[in-house]
Amino acid sequence: MAAHVFSSVEPPLFSASPVAGVGGRRRRSFRPCMVTSPTRDSHAMADGFDFQEGLKSVKEMLHQNHKEKRKVMTDIDHLKRLCIDHYFQNEINDGMDACLNLVDSDDLLDATLSFRLLREDGYDISADEVLQKFVNENEDFNVDHTKDIRGLLSLQDISHLNMGEASLYKANDFSRKHLTSAIKHLDLNLARYVRHSLDHPYHVSLMQYKARHHLSYFQSLPTRNTAMEELALADFKLNKLQHQMEMQEVKRWWMGLGLAQEIPATRDQILKWYMFPMTILQGQSFSRYRIEITKIIAIVSIVDDIFDVVATQEELSRFTEAIRTWDLAAAASLPSYMRSCYSSLYTITNDIADMAEREHGLNPIDHLKKDWAMLFDAFLLEAKWLSANHVPSLDDYLSNGVITTGGPLALVHLFSMLGHDPTRDATNLTAGRIPPIISCPSKILRLWDDMGSAKDEAQDGLDGSYKELYLKENPGGDAKGHMLALIESEWGELNRECFSRRTFPPSMTRISLNLARMVRVLFGYGEGQTLPVLEEYIRMLLL
């Protein structure tokens, strides 16, 4: 059946050589990077830029512009798009008044940009009411707006924050149609920016990936903001050094673990494993959490390999039962490689639980071990389907497939490290009761992964994807269209969770949104089954 997502896509930029092993899989060896420990506290960087002075300069500029409502709003937008907004949260909070004053504007850009910033900041605001003044009696957008390129770009942006609002579906169609037709008439820099905005829409794309493209456009504007540009570039360089340092620590841990030598089918994919934490959890203060969650992802990948190509059905059943007991003694009868995997899994999970207790006063081990058991049960169910040549229903497959992505397990470990109580926040993963903040990004991952399964690694014929099952149930049907509709529905549900219900704290919703956004990077296939977006992203943030 379909493997978990953390094992299903090979990022580029690895040195690769075929190695004989179980299932004929290709072993990958990581190409290491030179690293430097970065700091934002020191006054001067290697290029002479003083980071603290840079922060001060941008703050002064924001205070100088505080009376110009549109300027305040566009400054906040640039800070967000350049991924440096977290340094200026107080200034952004103060600037929300400008957005409240402009959201009822008759200017398309002012109204839509203020709406987007307010919704992102947790304000309860109706898209239908904001956009009402821009449509005619038939609820269609007025043609007067077709020449307003920046207004159309902003309209396209807000359309992806849709929580089921009819006006935003129409906003997406209207803005995409007229922006596409306008591209050939625009100057080169603006045309490139419009094309990138359509190919990688705001809100559903990774901000880190879009930031460098926005900076290039930002630098081409007639009125440049040098202070903001320099700070963004410096922060980008420091983040890159931080990521390289963290990945080196993960590499040392992995080499010391020895599982790659003990389990020949295991793939060394350090870069891929780290890519997820690097993406979904941002900020220097979360360095240790990124490293620890990378270890969890690595272990999930190893377990997936064991289920896919190493163990017998009887061994898998005993392995799963041992996990349910959560006792190292229960692994005594397992094969040596399974005992080693069990020991690593057990140690890492308990370390994370101890970290959560030290830092936040709670120990989530009871929930974490149940979540591991649920993942093993899901893997075992897929193995039984395969062994019995059983074809599950679409609903059964997708419910199980959400769990086997590894996404729910990784998210709960990460939430626990951040101090969120699984019992209080309803993030204890009881089968069928996974909250949307976890199930939505995991389902988006599963569907995108299965939609591109023919282009991914071969899986040695073990890939029973949602796409395949859909076509068996609906011969000649539009599997891709159906799956894209499901993905759009999951995005709507995730938006409702993040912007309407607000059941969970912002730190959790940001993580879930970033995990869902990672999908467009992972599955942005180009010609010849290449992954140009993923390759560019890795070069940009790591190499």
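# Exercises on a predicted model

Helix 10 and helix 12 are oblique to each other. The model is predicted: local features need pLDDT of at least 70, side-chain atom pairs count only at pLDDT 80 or more, and totals for chains, interfaces and linings use all residues. Residues are numbered from 1 along each chain as its sequence is written, and side-chain values use heavy atoms, with hydrogens and water left out.

**Exercise 1. Describe the protein by its helices and strands, its buried residues and its contacts.**

Step 1. The protein has 23 helices and two strands. These elements are DSSP runs, H or I of at least four residues for helices and E of at least two for strands, numbered from the N terminus.

Step 2. Of the 543 residues in the protein, 58% are buried. Relative accessible area under 20% is buried, over 50% is exposed, and in between is partly exposed (1.4 Å probe, protein chains only).

Step 3. Among contacts in the protein with a separation of 6 or more, 71% join residues 24 or more positions apart. A contact means heavy atoms within 4.5 Å.

**Exercise 2. Explain why helix 10 and helix 12 are described as oblique, and list the residues of their contact.**

Step 1. Helix 10 covers residues 226-257 and helix 12 covers residues 270-280; their axes come within 10 Å and cross at roughly 130°. The axes are lines fitted to C-alpha atoms, for helices over the stretch in contact, and angles between N-to-C directions run from 0 to 180 degrees.

Step 2. Angles under 35 degrees count as roughly parallel, over 145 as roughly antiparallel, 65 to 115 as roughly perpendicular, and the rest as oblique. Helix 10 and helix 12 are therefore oblique to each other.

Step 3. The crossing of helix 10 and helix 12 is right-handed; in a right-handed crossing the near helix is turned clockwise from the far one by less than a right angle, and in a left-handed one anticlockwise.

Step 4. Helix 10 contributes H243, E246, M247, V250, K251 and W254 to the contact, while helix 12 contributes I270, L271, W273, Y274 and M278. By type, the residues of this contact of helix 10 with helix 12 are eight nonpolar, one polar and two charged. Ala, Val, Leu, Ile, Met, Phe, Trp, Tyr, Cys and Pro count as nonpolar, Asp, Glu, Lys and Arg as charged, and the others, Gly among them, as polar.

**Exercise 3. Determine how helix 13 is oriented to helix 18, then locate S287.**

Step 1. Helix 13 (residues 287-310) packs with helix 18 (residues 407-417) at an angle of about 155°, and their axes are 10 Å apart. Helix 13 is therefore roughly antiparallel to helix 18.

Step 2. The crossing of helix 13 and helix 18 is right-handed. On helix 13 the contact is made by Y289, E292, I293, I296 and V300, and on helix 18 by L409, A410, H413, L414 and M417.

Step 3. The contact of helix 13 with helix 18 comprises eight nonpolar residues, one polar and one charged.

Step 4. S287 lies in helix 13 and is buried, with a relative accessible area of 14%. Not counting residues up to four places away in sequence, S287 touches Q242 and E246. E246 also belongs to the contact of helix 10 with helix 12.
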